[in-house]
Every structure is written in C-alpha cells, then in structure tokens.
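Trainee: I am new to this structure and would like to go through it step by step. Could we start with the ligand and then turn to the chain?

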Amino acid sequence: MKSLFVILLLAGFSIPSSSFPYVYFFVGENKTWEEAESYCMSEYTALAQINNMENLTAMVKTSQAGYTDKAWIGLYATLVWTWLDGEQPAFTNWFLGHPHDSDNVLCASIVSGVWTSGLCSQKKSSICFNGINYIPVWTALTWMDAKAKCKAQASSLAKIPDLIANAAILATMTAALMPEAWIGLKTTQLWQWSKTSENYAYRNWQLGQPDTVNGGKDCAAIAVKNGTWTDEQCSAQYPFFCYDVYKSRTTVMRMTIQSSTNMENPASSDSLLQQLNATLVKHGVTHFRMTWKKVSVKQTQESVITTRYKSHTHTHTHSHTTCLL
Ligand SMILES: *[C@@H]1O[C@H](CO)[C@@H](O)[C@H](O)[C@H]1NC(C)=O
Ligand SMILES: *[C@@H]1O[C@H](CO)[C@@H](O)[C@H](O)[C@H]1NC(C)=O
Ligand SMILES: *[C@@H]1O[C@H](CO)[C@@H](O)[C@H](O)[C@H]1NC(C)=O
C-alpha cells in the first residue's frame with residue numbers, strides 16, 4: 001500500500017559566526033566611498049574589511065581581470081580629540097559651543113579656565129608642564145611650534161586630566177596675566193573599519209600613508225595591482241570591494257513523496273531515513289544531521305528532518321522537488 005508523506009526539511013546552523021569566512025565581491029562601478037558603502041550594505045554586509053594577508057589575497061583575486069587601479073575598501077578616518085600621550089580625554093571643560101565640528105584638524109586652547117577649539121595654524125601663547133610646574137610661554141606660536149618649544153625646554157604642552165590640573169593652570173595664567181594658551185589637546189585621525197571598529201591590527205598602507213593631505217575625514221583605497229592602501233578624499237569615485245559573512249539561518253523545505261514504507265515499523269522507517277540521507281548527499285547537501293519524528297498517524301505522515309549544512313546568506317532557499325523513492 002502506497003502512503004503519502006510530507007517531509008519538512010529544516011536547515012540551519014549554530015556554528016559561531018567568528019568561524020565563518022568572509023566572502024569578497026568586486027563592483028566595477030565608480031562611486032564615492034559613501035555611495036559604495038550604501039551599495040555594499042544593501043547587497044552584502046559592508047565595504048570590504050581585511051583582517052589579514054589571507055583576506056587581502058582572497059579579495060584582490062575577485063577583482064575583474066584587467067582592473068589594477070584604486071578601489072575603495074571599508075576603512076575610513078574620523079577625527080577624535082587626543083592628548084599628546086595618545087589618550088582621549090575623560091575630563092573636559094569646553095566653553096559653550098565648543099569643540100567645533102570640523103573636517104579640519106583642530107587644536108585646543110584654554111581661556112579663563114575653559115577650553116576652546118580652533119585652527120592649529122593660529123599663533124598663541126602656551127602652557128608647558130615639566131612634571132612639577134606649569135610654565136607659561138609668552139611667544140605666539142602655532143600649536144606644532146608650541147609643542148616643539150615645550151619639548152626643547154624638557155617639558156610638554158600641558159595635559160589637563162582633571163579639575164585640579166585645570167584650576168592649577170588657571171591660577172598660573174592669572175598670575176602671569178596670560179589671557180589664552182595652547183594645551184596639549186588636538187584632533188587626530190582614528191582609522192576604523194566601517195562595520196566593526198575592531199581588528200585594525202592588520203594594515204597595509206603604502207609607504208608614507210596615510211598622509212592626511214585631504215583633511216581629517218579620509219577614506220582608504222587599495223591599489224589593486226599590489227594590495228597597498230592610500231588615503232583618499234571620500235568624495236572621489238572608484239570601483240570597490242564589498243564583503244559578506246556567512247550567517248546562521250533556518251530554511252524550511254516541504255516535499256511530498258510516495259512510498260510503500262510502513263512508518264510504524266522502526267526498521268523500515270530507519271531505512272527510509274537512510275535513503276533520504278543518501279539522496280540529500282547526492283544533491284550536494286553536505287554536513288547535515290538528520291532526525292525525524294512522525295506527526296500524523298493517518299495515511300499522511302510528516303517527518304521533520306533537521307540538517308546542518310554550510311550555506312551562504314545570498315543563496316536562497318532551495319526546493320527539492322525530487323521524488324525520493
Ligand atoms: C571610472 O572612472 C575612471 C576615471 O574617471 C574611468 O577611466 C573609468 O572608465 C570609469 N569606469 C566606469 C566603469 O565608469
Ligand atoms: C579572512 O580572515 C578570517 C580571520 O579573521 C578567516 O577566518 C577567513 O577565512 C578569511 N577569509 C578569506 C576569504 O580569506
Ligand atoms: C603599489 O602600487 C602603487 C600604485 O601604482 C605604487 O605607487 C606603489 O609604490 C606600489 N607599492 C609597492 C610596495 O609595490
């Protein structure tokens with residue numbers, strides 16, 4: 001007697017995403033960095049992130065034959081306020097409306113105990129710190145020159161880690177009748193991957209890059225010819241590389257099959273399971289585990305098969321319509 005089955009195929013994975021490789025895609029259309037990033041985000045994950053040499057080699061291979069010029073990758077710079085020792089300020093005492101939001105690198109000065117931000121090329125007095133005392137330097141200098149001048153005096157442009165230091169500097173300036181002075185705070189470029197700011201351990205800049213000639217907000221391009229990176233104006237137009245990450249997902253497949261198997265008999269249901277297994281393997285579904293349970297007792301039997309197999313986010317649900325037996 002033939003009976004009808006409905007087979008539900010549940011496919012998905014539970015492997016941690018860190019163990020999934022990146023897949024790269026080359027898009028041979030000229031776009032600005034931001035246009036390229038939106039394109040990659042809608043079609044894939046984001047502009048390409050490169051964590052190691054192996055990633056770089058795999059990515060460059062996806063480039064269309066013949067294209068050797070520059071292409072965008074997912075690395076971009078933002079400006080962040082940084083003390084000379086590389087620390088980002090935990091304590092700040094900005095004047096109302098400061099710091100200014102700017103595409104240019106800015107430097108900080110102190111006026112009546114509050115901080116203001118402005119172009120580093122302005123000439124101002126400065127406050128050095130030699131580890132014990134704050135030293136007012138009257139000479140009007142650019143921020144860079146003020147930094148050098150402090151260094152020449154075995155000190156450095158003052159860092160203000162807390163309110164106590166801020167009060168001490170205010171007292172020094174008040175006593176010296178100094179209205180304004182540079183402090184050791186300036187915006188610097190922070191490069192990060194667009195999707196995950198982590199993993200900037202691997203870098204492959206061309207010699208002398210990034211050179212910040214375009215101001216603070218720069219984007220990185222790769223010379224496809226040799227894999228080295230340069231900083232470019234984000235508004236420039238280049239082809240680009242996107243990447244995607246294997247992700248977990250669940251797919252449900254439904255199949256109707258006919259067979260004379262008696263599902264009540266464990267031996268014959270096991271045998272059917274084995275045949276299903278073999279058929280799936282034959283159809284290229286690998287690395288899966290299959291279990292089933294009967295959900296209907298009438299002529300129609302339902303089996304739930306759980307499989308685990310590698311799949312790509314952009315591979316859409318397959319439907320197996322094959323008659324298995
Ligand atoms: C992209 O721009 C470059 C330089 O302007 C040009 O030579 C190239 O043909 C453009 N590529 C496409 C696909 O439009
Ligand atoms: C990229 O690097 C990661 C490790 O961060 C690795 O797991 C992955 O397989 C690499 N992918 C490619 C395509 O090289
Ligand atoms: C890579 O190619 C760029 C662009 O042609 C070139 O300026 C640079 O010197 C090359 N770097 C290396 C390490 O070959």
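Mentor: A polar contact is a pair of N or O atoms within 3.5 Å. Keep in mind that the model is predicted.

Trainee: How far is an oxygen atom of ligand 3 from an N or O atom in the side chain of asparagine 226?

Mentor: The cut-off for a polar contact is 3.5 Å. The pair formed by an oxygen atom of ligand 3 and an N or O atom in the side chain of asparagine 226 falls within that limit, at 2.4 Å.

Trainee: How much of ligand 3 does the protein bury?

Mentor: Ligand 3 taken alone exposes 360 Å². Of that area, the protein buries 40%.

Trainee: Which residue has a side-chain N or O atom 2.9 Å from an oxygen atom of ligand 3?

Mentor: The residues around ligand 3 are Gln206, Lys225, Asn226 and Thr228. The shell divides into no nonpolar, three polar and one charged residue. Lys counts as charged. The side chain with an N or O atom 2.9 Å from an oxygen atom of ligand 3 belongs to lysine 225.

Trainee: Turning to the chain, what share of its contacts between residues at least 6 apart in sequence joins residues at least 24 apart?

Mentor: The chain has five helices and 15 strands. Among its contacts between residues at least 6 apart in sequence, the share that joins residues at least 24 apart is 72%.

Trainee: What percentage of the residues counts as buried?

Mentor: The chain exposes about 17100 Å², of which carbon and sulfur atoms supply 53%. A residue is buried when its relative accessible area is under 20%. Of the 325 residues, the share that counts as buried is 44%.

Trainee: How many disulfides does the structure hold, and how are the bonded cysteines paired?

Mentor: A disulfide is a covalent bond between the sulfur atoms of two cysteines. The structure holds four disulfides. With the bonded cysteines of the chain numbered in sequence order, the pairing is 1-8, 2-3, 4-5, 6-7.

Trainee: Is the link of cysteine 107 and cysteine 120 right-handed or left-handed?

Mentor: A disulfide joins cysteine 107 to cysteine 120, with an S to S distance of 2.1 Å. Cysteine 107 is in strand 5, and cysteine 120 is in the loop between strand 6 and strand 7, 13 residues apart. The angle about the S-S bond is 100°, and the link is right-handed.

Trainee: Why do cysteine 107 and cysteine 120 count as buried?

Mentor: Buried means under 20% relative accessible area. Cysteine 107 is buried because its relative accessible area is 0%. Cysteine 120 also counts as buried, because its relative accessibility is 14%.

Trainee: Which parts of the chain does the pair of cysteine 128 and cysteine 150 tie together?

Mentor: The sulfur atoms of cysteine 128 and cysteine 150 are 2.0 Å apart and form a disulfide. The link is left-handed, with -80° about the S-S bond. Both cysteines are buried. Cysteine 128 lies in strand 7 and cysteine 150 in helix 3, so the parts tied together, 22 residues apart in sequence, are strand 7 and helix 3.

Trainee: Where does cysteine 234 lie?

Mentor: Cysteine 219 and cysteine 234 form a disulfide, with sulfur atoms 2.1 Å apart. The link is right-handed, with 100° about the S-S bond. Cysteine 219 lies in strand 11, 15 residues apart in sequence from its partner, and cysteine 234 lies in the loop between strand 12 and strand 13.

Notes:
Residues are numbered from 1 along each chain as its sequence is written. Chains are lettered from A and ligands numbered from 1 in the order in which they are written. This is a predicted model: local features need pLDDT of at least 70, side-chain atom pairs count only at pLDDT 80 or more; totals for chains, interfaces and linings use all residues. Side-chain values use heavy atoms; hydrogens and water are left out. A residue is near a molecule or strand if one of its heavy atoms lies within 4 Å of it. A polar contact is a pair of N or O atoms within 3.5 Å; within protein, one must be able to donate a hydrogen and the other to accept it, and residues adjacent in sequence count only if both atoms are side-chain atoms. Accessible areas come from the Shrake-Rupley method with a 1.4 Å probe; for residues, only the protein chains shown count as cover. Helices (H or I, at least four residues) and strands (E, at least two) are DSSP runs, numbered from the N terminus. Buried means under 20% relative accessible area, exposed over 50%, partly exposed in between (1.4 Å probe, protein chains only). Contact means heavy atoms within 4.5 Å. A disulfide is a pair of cysteine sulfur atoms within 2.5 Å.
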